[in-house]
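Dear colleague,

Please find below the structure that I am handing over to you, with its sequence. My notes on what was found in it follow directly after.

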Amino acid sequence: MSQIDKPGSSGKSFDVPKWLLWEAYQKVKANKGAAGVDGQALADFARDERKNLYKIWNRMSSGSYFPPPVKAVEIPKAGGKGVRVLGVPTVADRIAQTAVAMVLEPEVEPMFHPDSFGYRPGRSALDAVALCRARCWERAWVIDLDIQGFFDNVPHEPILAAVRRHTDKPWVLLYVQRWLTAPIQRPDGTLEQREKGTPQGSAISPLLTNLFMHYAFDAWLAQTQPMVGFERYCDDAIVHCVSEKQAKYLRNVIAARLWRFGLRLHPEKTKIVYCAQEGRTQRRRGVEFTFLGYDFRPRYARLTDGRWKSGFLPAVSKAAKKRMAAVIRGWRLGRCTGLTFRQVATMINRVVAGWINYYGRFYKSELITFLANRINPHLVRWAMRKYKHLHRAPAKARKRLVQIASTHPGTFAHWRHGALPTGSTVGAV
């Protein structure tokens, strides 16, 4: 299948176009990913891709495709509180899921709510953060919603009902149903049957999640509370209110709505927050919430005329900084003495540039200060171990690093944005 085949009648139970599987395969290759329960990596699949793709097509078009178990991979949660279980399908199953998502997405995407941002084409988490920031300026109260164990407890029947509403292809519904009930293989090899939930990590799960949340939350809230704005990214949502009274009322109404689907708001993590800023008279403590890796709280910002003003603004979260600090320590730069300065930069720049692109979008100075304080001391220790004349001479090593940064400020990604080893940092709010 080295080129796209023309769709047509195949004498099979279902008309699944071969070109669809080929395009799905290209997407799966671009996204990469680990092997599933069968141990087959993408490179293994590619060695005989024509035969392997034909097997998927043959089974899907005949109705005999049954997904294998999903491999459970435990990922520590932020802050070290428990683990998040990701489901890793096999390569073949990812291709099949992607093909179905490609058929279903054009049917449902146009009707999704504009305040929904997760896993949608042309939308990003940063778009959601930007809109949340703007609405916090407009309305003084928010509800920070946290649905407890969402991916483990989301019910199947409402998802299937939504799929039925938006496709006339029986094979799409058939395989969605099979994926929802496919067992999970735990790390010890045991199989866990599922009657609810959809595993994080599967190719079809984001679309199914958005379908469920559209009808269970987005469309319902827009219909019953048309003046209320919100931002939702998958199961994370912020709802904006004009008063504490309205916020308390809506929290209870939303909790009752989700309870109809067997879901509950987390009693500790769901909270009502006052967006304190200049011009708002109430004075409260603990006015802070976290959304998509950003901590929203009162901060000072410089206006165009040079004055400072207190606003309710997002900046890189404490949890995100903790994760980045762990990655930086894991590089063990002080022991990379076999690398040149340029090689060290090459090793870390791609990761650091990704952090800057995401966490530096809002209140950039917070991130730049963090990167300067975390990465540059490791570079000093690297120089002390690398060069004998700098051994046990941290002041000389710092001075040498300053000289290099002054001459070649583009060497490291964080230097390019002002995180220079000079004892001071430059960064735009």
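The second largest cavity of this predicted model has a volume of about 40 Å³. A cavity is a set of points on a 1 Å grid over the protein atoms alone where a 1.4 Å probe fits but cannot get out, and lining residues have an atom within 4 Å of a point. Grid points are joined across faces, edges and corners, and the volume is the space filled by probe spheres set on them. Leu145, Ile147, Met213, Phe217, Asp235, Ala237, Ile254, Leu258 and Leu265 form the lining of this second largest cavity. Two or more of these residues come from each of α9 (205-224) and α10 (244-259); helices are DSSP runs of H or I with at least four residues, strands are runs of E with at least two, and both are numbered from the N terminus. By class, eight of the lining residues are nonpolar, none is polar and one is charged. Here Ala, Val, Leu, Ile, Met, Phe, Trp, Tyr, Cys and Pro count as nonpolar, Asp, Glu, Lys and Arg as charged, and the others, Gly among them, as polar.

Two conventions apply throughout. Residues are numbered from 1 along each chain as its sequence is written, and side-chain values use heavy atoms, with hydrogens and water left out. As the model is predicted, local features need pLDDT of at least 70 and side-chain atom pairs count only at pLDDT 80 or more, whereas totals for chains, interfaces and linings use all residues.

In total, there are two cavities of 30 Å³ or more. The largest cavity holds about 60 Å³ of space, and its lining includes Val70, Asp93, Gln97, Trp179 and Ser202. Helix α8 gives the largest share of that lining, three residues. The lining of the largest cavity divides into eight nonpolar, three polar and one charged residues.

The second largest pocket has a volume of about 590 Å³; a pocket is an open set of points with protein on both sides within 12 Å along at least five of seven lines. It is lined by 23 residues, of which Asn31, Thr98, Ser202, Ala203 and Pro206 are the closest to its centre. The largest share of the pocket lining, five residues, comes from α4. Ten nonpolar, seven polar and six charged residues make up the lining of this pocket.

The structure also holds 23 aromatic pairs, counted where ring centres of Phe, Tyr and Trp (its six-membered ring) lie within 6.5 Å; planes under 30 degrees apart are stacked, over 60 edge-to-face and the rest tilted. The pair of Tyr25 and Phe45 is tilted, because the ring centres are 5.3 Å apart and the planes stand at 50 degrees. Tyr25 lies in helix α1 and Phe45 in helix α2 (residues 42-46), 20 residues apart. Tyr25 is buried at 0% relative accessible area, and Phe45 is buried at 1%; buried means under 20%, exposed over 50% and partly exposed in between, with a 1.4 Å probe and protein chains only. Phe289 and Phe296 form a stacked pair, 4.7 Å centre to centre with 5 degrees between the planes, and both residues are buried.

Finally, Arg135 lies in helix α5 (residues 125-138) and is buried, with a relative accessible area of 18%. Residues up to four places away in sequence aside, Arg135 touches Asp115, Gly229, Phe230, Glu231 and His240, where contact means heavy atoms within 4.5 Å.

Yours sincerely
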